[in-house]
Structures are given as C-alpha cells and as structure tokens.
Amino acid sequence: MKIEKLALADFEVFLAYLNDHLSDNGRGGTAYFQPLPRADSHFPVEKADGFKAGIGIDVGQPGWRRVWLARDADGAIAGHIDLRGHPERHTGHRCLLGMGVDRAYRQQGLGGALLAHAAQWALVSGIQWIDLQVLSVNTPAINLYQRHGYRKTGEIPNMFHIDGQYFSYTSMTTRLR
Ligand SMILES: CC(C)(COP(=O)(O)OP(=O)(O)OC[C@H]1O[C@@H](n2cnc3c(N)ncnc32)[C@H](O)[C@@H]1OP(=O)(O)O)[C@@H](O)C(=O)NCCC(=O)NCCS
C-alpha cells in the first residue's frame, strides 16, 4: 500500500476519515483507543486548526507535526500516522506518535508498515526517540508497539474516568538507531 505525506489540500478528506475512525472508539470489538466518551468520539473542532497549522511548521519549531496516509488501490485512506513535537522546550531530539488503521485494513501488517515509515523519517530528520501514550486497555496497539521495539516507561493508574469506567494510561518509547 502506498504511504504518502498528508498534503494541506487533503486536510478536509483526512478529517472526515479521522472522524469515521474515531467512531470506533470503544465500540463493538474495538477497545477504547482515545480518552473520549463514546458520545463525543470525534476530532475536537478546536484542535483542527492547530493540527493543520503544524503540518507547515519546520521540524523542531514549537507546534510542528507531520502526518502520513496509507492509501488503498482506489486512493481511499486506509490508515494514518503522525509525529509531533513535545510541548516542552529542549526536547527537539524526541517526538510523539499517534496512529490508526481503518477497520477494513487491520491485522494485515499496515500498522507495522506505518510505524516503520515514520521511524525512518524521524531517523533521517535527526530525531533520536519516539514517545507515545496509549490507553492500557488497548492491547492490539500495545502489542504492535512492543513488536516494533517500544518499551513501557510508565503507567498512570485510572488516569481517565470515561463512560463510568476508569482507564489507565501507558507511556512507551523507542530509541531510533
Ligand atoms: C492498533 C492498530 C493501529 C494496529 O494496526 P494493524 O494494521 O492492525 O497492525 P498490524 O496488522 O501491523 O499488526 C496487528 C496484528 O496483526 C497481525 N498481522 C499482521 N499481518 C497479518 C496478516 N497478514 N495476517 C494476519 N495477521 C497479521 C500482527 O502480527 C499483529 O498481531 P498481534 O497483535 O497479535 O501482535 C489498529 O488496530 C487500530 O487502528 N486500532 C484503533 C486505533 C488505535 O488503537 N490507535 C492507536 C492509539 S495509541
């Protein structure tokens, strides 16, 4: 499957895909993967502008972000991965990762391919570490990250209280080489 950088012109199509993706949050057989209540599982409108702006910010500058899309044979978005800077200063050698694969394409190796693509980009961009946070109930994601060299660095018990349940939050990291 083709993996390409998100172009600004495709941002609205990407947002529609993302909102459809988020509608899976805690639904059916899918674990909660975003700390959002079921009734509010869509991309927050107030965050869209910052997300979009980040694509145009130089790597290492505050607010930078890069997004890659996997497209199926018809050009539809099958998965995404994004890297962004930490909000803290003096952390330019690290970044944060987010990702997702469309329900129709899971368990076919696409998640792994997206992780490898982003890691290669980060490595050549001079980034040394990729960090992430994942809901501890999200076993498919944690297994995927572990298989790709991420190790657990901590866990905040009962970090979120959503839909009457408590969710712990796991931090993971990988050192690029
Ligand atoms: C987590 C997620 C991104 C994984 O993506 P994916 O494309 O299914 O990942 P992969 O296919 O590379 O690997 C997933 C599993 O499929 C298996 N797999 C890979 N290729 C396969 C194939 N051809 N046939 C059968 N199984 C396969 C992998 O071995 C892996 O198994 P494991 O979990 O037992 O180790 C996806 O489930 C998802 O989008 N979930 C919802 C959003 C989410 O959780 N995002 C992360 C938030 S932190």
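Start by selecting E4: this residue is partly exposed at 23% relative accessible area (buried means under 20%, exposed over 50%, partly exposed in between; 1.4 Å probe, protein chains only). Before moving on, note that this is a predicted model, where local features need pLDDT of at least 70, side-chain atom pairs count only at pLDDT 80 or more, and totals for chains, interfaces and linings use all residues. Residues are numbered from 1 along each chain as its sequence is written, and side-chain values use heavy atoms, without hydrogens and water.

The partners are 67 residues apart, with E4 in strand β1 (residues 2–5) and R71 in strand β2 (strands are DSSP runs of E, at least two residues; helices are H or I, at least four; both are numbered from the N terminus). R71 counts as buried, at 17%.

Next, jump to D24, buried at 4%. What does R106 form with D24? A salt bridge, with the closest N and O atoms 3.1 Å apart. R106 sits in the loop between β4 and α3 (110–124) and D24 in the loop between α1 and α2, so the pair ties together parts 82 residues apart in sequence. Show D20, R27 and R103 too: salt bridges that share partners join them with D24 and R106 into one network.

Last stop: helix α1, residues 11–22. Colour F11, F14, L15, Y17, L18, H21 and L22, its buried residues.

Methods
The expected span of a helix is 1.5 Å times one less than its number of residues. A salt bridge is a side-chain nitrogen of Lys or Arg within 4 Å of a carboxyl oxygen of Asp or Glu.
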